[in-house]
Amino acid sequence: MNFVEATKTCFIKYADFSGRASRSEYWYFSLFMLLLSICSMIIDSIIAGVPFWEYDDWTGPASLIVTILTILPALGVSVRRLHDIDKSGWWILIAFTFIGFILLIHWAIKESNIGDNQFGSDPLEKINEERIAKPISKLVHFLVIFLAIIFTFFVLVGIGIKMGVIPDTMVLSGKDLAPYTRAKLVSNDIILESDNIIYFYSEGFLSVIEVGQLLTEDRIVSYETTENNQLEKYQMLYKNIKTIELVEQGNFSSDSVYNIIGNENASYESLTILLSAESDGDTKFIKELESRVLVHSVAPLEQDRLNLEEKGKRVAALQLLNEEKRKLEEEKQRLKEEQEKFARLMPRGNPSAKSGGKCPQPRKTKSAPGGISKKDKTGKANLANGKKIYLKTAKPMACKMCHGDKGDGGGKLGKALKPRPRNFTCVATMKKVSAGQMFYIIKNGSKGTGMVPHKKTLKDKEIWDVVKYIRTTFVK
Ligand code: HEC
């Protein structure tokens with residue numbers, strides 16, 4: 001029977017579980033089924049938008065349709081093949097033991113019974129008049145069985161992994177983790193019942209408990225079963241992790257090695273973890289870890305920042321206060337200096353200086369004509385007579401009534417005058433006032449001020465006497 005005949009026959013005998021099927025019918029139909037399932041997988045991978053070689057779902061829509069349409073003819077041909085070697089069709093059920101699958105393959109390649117058996121006539125007799133036994137070569141038989149064993153082994157391992165009994169070769173996300181694995185981790189106190197696993201990877205060979213590492217909401221856990229069957233668990237809270245170092249980049253055959261370095265609060269200096277590089281699982285695991293470490297370290301940082309801000313505000317306020325204080329102090333100092341300067345300008349040991357006029361004193365007095373201002377006849381003047389005029393005899397009143405007996409402009413009447421009487425003790429003002437100038441103003445007065453002319457009451461000689469008295473007694 002060729003490929004087309006076999007396929008046709010199997011579909012014609014769609015749900016026919018009676019009679020016999022030759023090896024060619026069985027194997028050509030198996031080949032047809034293989035090609036069909038590959039096609040359906042391609043279609044499904046296109047539908048899912050995943051490259052075909054990465055697509056591993058056997059339950060896509062196309063696969064499902066193909067399975068539904070071919071399950072009966074496939075079962076039928078398998079049963080008929082069993083009949084062909086004189087076995088009951090019920091033997092097909094041993095496929096459920098998986099190991100039994102190897103036996104079924106062995107039977108599937110066994111040559112047909114020659115001639116009729118209890119299930120029907122020899123399917124090959126009708127084609128070949130001369131029916132001769134055609135046993136398959138021992139080598140091919142052996143190879144097929146060998147492949148069947150390997151295939152069965154991988155199917156069993158695959159089922160074990162899916163169930164979580166055998167550790168997966170790659171990093172798994174929490175939602176892909178088998179409930180069995182999770183239960184094992186909980187029962188071995190590796191995680192708490194309430195813990196949510198984000199990523200998990202075990203390098204264990206037969207059991208996930210041997211060795212592994214995982215991420216929960218708040219920490220990384222690494223565990224290992226030691227030689228004396230003791231389970232050692234190490235864990236580090238994300239907030240206690242300082243850095244993550246890549247020690248060795250893994251590849252398809254070896255795991256990536258990372259060092260998780262703890263900060264001063266961590267119980268360990270560092271944790272070494274291994275991660276499979278399959279499907280970039282190591283990168284995903286570490287990225288997740290890094291982002292969680294960041295989130296957990298940002299929270300206290302934010303707190304620090306707020307504290308600093310608060311502190312900063314207080315410091316700024318204090319600085320402002322200090323600044324204000326300093327300014328005040330400066331102002332005080334300046335005032336003191338000003339006062340000292342003022343006091344220095346005042347004649348020492350002269351208490352009435354305070355009650356006297358300002359110094360320097362504003363002065364708008366008319367200047368004496370050149371000739372007179374340069375005159376000075378005080379040399380021959382009578383000081384005692386000058387004193388008498390100043391303190392007593394001057395008319396209309398004594399000079400001291402306005403200029404004060406200390407010559408500082410602090411006389412009884414002087415205080416009410418504007419401008420104030422001349423302060424003879426003020427060096428700054430008096431250095432501009434010559435003897436001749438004084439003579440001129442005493443004689444003629446200062447128009448518009450309290451300083452009246454004395455030319456009618458005092459002789460020139462008497463004026464020079466009083467100028468001498470003022471200049472020797474007050475003007476320094
Ligand atoms: C009623 C008050 C009064 C009496 C009294 C008085 N003076 Fe005066 N004297 C003044 C005033 C006011 C000034 C300031 C005039 C001015 O700023 O131009 C002045 C200015 C002067 C000056 C300064 C002139 C200058 O160029 O700065 C002299 C010197 C002077 N008087 C001497 C005398 C003598 C000497 C007597 C007494 C004989 C006397 N005064 C009596 C009020 C008086």
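**Briefing: ligand shell, sheets, helix packing and backbone exceptions**

Thr365, Cys399, Cys402, Ser446 and Met451 come nearest to the ligand, out of 24 residues around it. The model is a predicted one. The domain assignment of the protein gives three parts: domain 1 covers 3-163, domain 2 covers 172-294 and domain 3 covers 370-473. Between the C-alpha centres of domain 2 and domain 3 there is a distance of 109 Å.

**Ligand shell**

- Two helices, H10 (400-403) and H12 (435-444), each supply at least two residues of the shell around the ligand.
- The most is given by H12, which contributes four residues to this shell.
- Sorted by class, the shell has 15 nonpolar residues, seven polar ones and two charged ones.

**Helix packing**

- Two packed helices are described by the angle between their axes and the distance between the axes.
- H12, which also lines the ligand with four residues, crosses helix H13 (residues 460-473) at roughly 125°, and the two axes come within 10 Å.
- Angles over 145 degrees would count as roughly antiparallel and those from 65 to 115 as roughly perpendicular, with the rest between these two ranges taken as oblique; H12 and H13 are therefore oblique to each other.
- The handedness of the crossing between H12 and H13 is right-handed.
- Helix H4 (100-108) packs with helix H5 (residues 138-163) at an angle of about 155°, and their axes are 9 Å apart.
- That angle makes H4 roughly antiparallel to H5.
- The crossing in which H4 passes H5 is right-handed.

**Five-stranded sheet**

- Strands of a sheet pair through backbone hydrogen bonds, either parallel or antiparallel.
- An open sheet is formed by five strands in the order S1-S2-S3-S4-S5, and their pairing is antiparallel.
- Its edges are strand S1 (172-173) and strand S5 (231-237), each of which pairs on one side only.
- Strand S4 (residues 219-225) runs antiparallel to S5, and seven bridges join the two.
- The hairpin of S4 and S5 has five residues between the strands, and in it Asn229 takes a positive phi near 60°.

**Three-stranded sheet**

- Three strands make an open sheet in the order S6-S7-S8, again with antiparallel pairing.
- Strand S6 (241-248) and strand S8 (270-275) are the edge strands, and each pairs on one side only.
- From one strand to the next, the twist averages 25°.
- Six bridges pair S6 with strand S7 (residues 256-262) in the antiparallel sense.

**Backbone exceptions**

- Most residues other than glycine have a negative phi, and most peptide bonds are trans.
- The peptide bond that joins Lys395 and Pro396 is cis, with omega about 0°.
- Pro396 sits in the loop between helix H9 (383-393) and H10, and H10 is one of the helices that supply at least two residues of the ligand shell.
- Lys418 and Pro419 are also joined by a cis peptide bond, where omega is about -5°.
- The loop that holds Pro419 is the one between H10 and helix H11 (427-430).
- Phe98 is not a glycine, yet its phi is positive, at about 65°.
- Phe98 belongs to the loop between helix H3 (61-84) and H4, and H4 is the helix that packs with H5 at about 155°.

Terms used. Residues are numbered from 1 along each chain as its sequence is written. This is a predicted model: local features need pLDDT of at least 70, side-chain atom pairs count only at pLDDT 80 or more; totals for chains, interfaces and linings use all residues. Domain bounds come from an automatic or database domain assignment. Two strands pair if DSSP finds at least two bridges between them. A residue is near a molecule or strand if its C-beta atom, placed from the backbone, lies within 6 Å of it. Ala, Val, Leu, Ile, Met, Phe, Trp, Tyr, Cys and Pro count as nonpolar, Asp, Glu, Lys and Arg as charged, and the others, Gly among them, as polar. Axes are lines fitted to C-alpha atoms, for helices over the stretch in contact, and angles run from 0 to 180 degrees between N-to-C directions. Angles under 35 degrees count as roughly parallel, over 145 as roughly antiparallel, 65 to 115 as roughly perpendicular and the rest as oblique. A crossing is left-handed if the near helix is turned anticlockwise from the far one by less than a right angle, and right-handed if clockwise.
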